[in-house]
Amino acid sequence: MSGDALIVGLGNPGPKYEKTRHNMGFMVLDTLAQQCGLKFDKSLRFQGKVVSGSIENRKVYLLKPSTYMNLSGQAVYKM
């Protein structure tokens, strides 16, 4: 990913947290992806939902870990 950007949105999985402040990071990435015409795909390899694309001529990866927030480093490390 040299020269590329990784943007990670933190949150917690499950409907209990879906539209709460605990998932603000997920909501921000959803909005960014929508504005850029990008769609997330589930990735078992990276333990989350991932999308890649271009924002202002720079390659970016957006990651929403599927782990609880306190374990999100696992997904970031794999990415």
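**Exercise 1. Contacts of Ser 72**

Task: Which residues does Ser 72 touch, not counting residues up to four places away in sequence? Is Ser 72 buried or exposed?

Solution: 
- Step 1. Keep in mind that this is a predicted model.
- Step 2. Find the residue: Ser 72 lies in helix H2.
- Step 3. List the partners. Ser 72 touches Leu 10, Pro 65 and Thr 67 once residues up to four places away are left out.
- Step 4. Check the surface. The relative accessibility of Ser 72 is 10%. Buried means under 20%, so Ser 72 counts as buried.

**Exercise 2. The surroundings of Thr 67**

Task: Where is Thr 67 placed, and which backbone oxygen does its side chain reach?

Solution: 
- Step 1. Thr 67 is in the loop between strand S4 (58-65) and helix H2 (72-78).
- Step 2. Follow the side chain. The side chain of Thr 67 reaches the backbone oxygen of Leu 71 at 3.3 Å.
- Step 3. Look for another polar partner. A polar atom of the Thr 67 side chain lies 3.4 Å from the backbone nitrogen of Ser 72.
- Step 4. Neighbours within four places in sequence aside, Thr 67 is in contact with Gly 11, Pro 13, Gln 47, Ser 72 and Gln 74.
- Step 5. Check burial. Thr 67 has a relative accessible area of 10%, so Thr 67 is buried.

**Exercise 3. An aromatic pair**

Task: How many aromatic pairs are counted? Are the planes of Tyr 17 and Tyr 68 stacked or edge-to-face?

Solution: 
- Step 1. Count: there is one aromatic pair.
- Step 2. Take the geometry. The ring centres of Tyr 17 and Tyr 68 are 6.4 Å apart, and their planes stand at 80 degrees.
- Step 3. Apply the cut-off. Planes over 60 degrees apart count as edge-to-face, so the Tyr 17 and Tyr 68 pair is edge-to-face.
- Step 4. Locate both rings. Tyr 17 is in the loop between strand S1 (5-8) and helix H1 (24-35), while Tyr 68 is in the loop between S4 and H2. The pair links distant parts of the chain, 51 residues apart.
- Step 5. Compare the two surfaces. Tyr 17 counts as buried at 18% relative accessibility. Tyr 68 is partly exposed, with a relative accessible area of 45%.

**Exercise 4. Lys 64 and its partners**

Task: Which side chain meets Lys 64 in a salt bridge? Over which ring does the charged end of Lys 64 sit at 4.4 Å from the centre?

Solution: 
- Step 1. Count: the structure holds one salt bridge.
- Step 2. Name the pair. The side chains of Asp 30 and Lys 64 meet at 2.5 Å, N to O.
- Step 3. Check the surfaces. Asp 30 counts as partly exposed at 34% relative accessibility. Lys 64 is buried, with a relative accessible area of 11%.
- Step 4. Turn to the rings. The charged end of Lys 64 sits over the ring of Phe 40, 4.4 Å from its centre. The charged end of Lys 64 also sits over the ring of Phe 26, 5.8 Å from its centre.

**Exercise 5. Positive phi**

Solution: 
- Step 1. Read Gln 47. Its phi is near 55 degrees, a positive value. Gln 47 is found in the loop between strand S2 (41-43) and strand S3 (48-55).
- Step 2. Read Glu 56. Its phi is near 50 degrees, also positive. Glu 56 is in the loop between S3 and S4.
- Step 3. Check the surface of Glu 56. With a relative accessible area of 77%, Glu 56 is exposed.

Note on methods. Residues are numbered from 1 along each chain as its sequence is written. This is a predicted model: local features need pLDDT of at least 70, side-chain atom pairs count only at pLDDT 80 or more; totals for chains, interfaces and linings use all residues. Side-chain values use heavy atoms; hydrogens and water are left out. Helices (H or I, at least four residues) and strands (E, at least two) are DSSP runs, numbered from the N terminus. Buried means under 20% relative accessible area, exposed over 50%, partly exposed in between (1.4 Å probe, protein chains only). A polar contact is a pair of N or O atoms within 3.5 Å; within protein, one must be able to donate a hydrogen and the other to accept it, and residues adjacent in sequence count only if both atoms are side-chain atoms. Contact means heavy atoms within 4.5 Å. Rings of Phe, Tyr and Trp (its six-membered ring) pair if their centres lie within 6.5 Å; planes under 30 degrees apart count as stacked, over 60 as edge-to-face and the rest as tilted. A charge sits over a ring if NZ of Lys or CZ of Arg is within 6 Å of the ring centre and within 35 degrees of the ring normal. A salt bridge is a side-chain nitrogen of Lys or Arg within 4 Å of a carboxyl oxygen of Asp or Glu.
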